Amino acid sequence: MPGTKPIRITDLTLRDGHQSLFATRMTTDDMLPIAAAMDGIGFYSMEVWGGATFDVMTRFLNEDPWERVRRLRKKMPNTKLQMLLRGQNLVGYRNYADDVVDAFVEKAAEVGIDIFRVFDALNDERNFIAAFKAIRKCGKHIQGAISYSLTEKRLGGPIFNIDYYIGKAKKIEDMGADSLCIKDMAGIISPYDAFELISQLKANLTIPIHLHTHYTSGMASMSLLKAIEAGADGIDTCLAPFALRSSHCAVEPFVVTLKGTPQDPGFDLGKLAEVDDYLETIIPKYMSFADTTKFSVIDIGVLMHQIPGGMISNLVSQLKQAKAIHRLKDVYEEIPATRKDMGFPPLVTPTSQIVGVQSVFNVVAGRYKMISNEVKDYFYGLYGKPPAPVSDEIMQKALKGYAKGHTPIETRPGDIIEPELPGAREALKGITDDMGDILIYALYPMTGLEFLKKKYNV
Ligand code: CO
């Protein structure tokens, strides 16, 4: 029996779970046999799509991403399906034109997405405008998310303090979000900060508050429990075989922890165990994608430098390519400096890559001797407005000789991007005129086209 105020639990196994542990490689065929059983658990929602899944499916799995949602929807009539949308970046790595945002959301809603969790890497709410409008138009649930970031070890300091988060949250509520999510992609929210933040959000907002955190640093179970004590409406978890490490808290311990309390979700442990048994049988297929370099389940490096786990593996491979892996320590020291120059962007896709790549350049070639195109676009304002002012000196260096102009834009990035669907439609002429396909091409002109050529045998 559930409690009087059961906590809403969003299961992440089929999206963030395998994205965090197995490089997003889980196939739809491995999801379907367990879909009906998962549908019967009683989750508030299941995140099954978005994030990196769309890219990985077309690039590596040779699977149609729209088809995955359709097939899951059929097997899961009782649970809301949720996706992670990177605001104006959708499921790509740059801001797209408004017509692409509009069509993408409409198509996602049509195939079966009910809840759109929308975030922006810079927490620039202007990057929510087009997506929120499109979600509202489809009559679906808007969950506005704030990327949780820190400059200190704990909540506070000049930028990412409690006022910053309350201010952002109120803006998101005013923009019409149906719920709010604190999205802690690096697993850096500590338990007492979670308590303080959720308490303040509950006092200042009327919409439900969810907390998303990763297990990476080892604090997540404590933080989710403190969030529940502070009145959080929802938490995100994974089924045990896909939990812990850089993934999420396991749901099963919460089922027992909350038993008999008002927040008791009322889940049946026996049913969960059945799903877990199935998941154990498919994991061997994906073990080659797991990080087995360390015995430790937690990464205490995150407690020291707040750099998300996914970013570290990218840094390591970039440094190896540059034959400079011995300089990893220097890169760890460079990242906060580069981040400061760039106005303290939260480290999440795509800013984590942009800051990471530039930090490696700065260490290997000398500070800003080499500047990536993405950093130039960033200083020009194409990703939006950073949380703090950028370094004027570095901005001028980056925009020297930059084709679009030397003065950063002040407008919403989406305002200066010409419609992109007509060009995508034209490029696929004679191959397909299906909107799902056109969107795949609009998002990834290179790898998307490769996928579509295979799909249509041309
Ligand atoms: Co996540």
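Here's a quick rundown of the salt bridges in this predicted model. Searching the whole structure turns up 29 salt bridges, each being a side-chain nitrogen of Lys or Arg within 4 Å of a carboxyl oxygen of Asp or Glu. Side chains of opposite charge can pair when their charged atoms come close.

**Bridges between distant parts of the chain**
- R71 and D29 pair up through their side chains at 3.1 Å, N to O. The two sit 42 residues apart, R71 in helix α4 (residues 65–75) and D29 in helix α2 (residues 28–39); helices here are DSSP runs of H or I, at least four residues, and strands are runs of E, at least two, numbered from the N terminus.
- R94 and E420 form a salt bridge at 2.9 Å, N to O. R94 is in the loop between β3 (80–85) and α5 (98–111), while E420 is in the loop between α17 (392–399) and α18 (421–427), 326 residues apart.

- E229 bridges to K226, with the closest N and O atoms 2.9 Å apart. Both lie in helix α9 (residues 220–229), three residues apart, or about one turn of the helix.

**Exposure**
- D29 is exposed at 52% relative accessible area (buried is under 20%, exposed over 50%, partly exposed in between; 1.4 Å probe, protein chains only).
- R71 is partly exposed at 31%, R94 is partly exposed at 33%, and E229 is partly exposed at 47%.

**Ground rules**
- Residues are numbered from 1 along each chain as its sequence is written, and side-chain values use heavy atoms, leaving out hydrogens and water.
- Local features need pLDDT of at least 70 and side-chain atom pairs count only at pLDDT 80 or more, while totals for chains, interfaces and linings use all residues.
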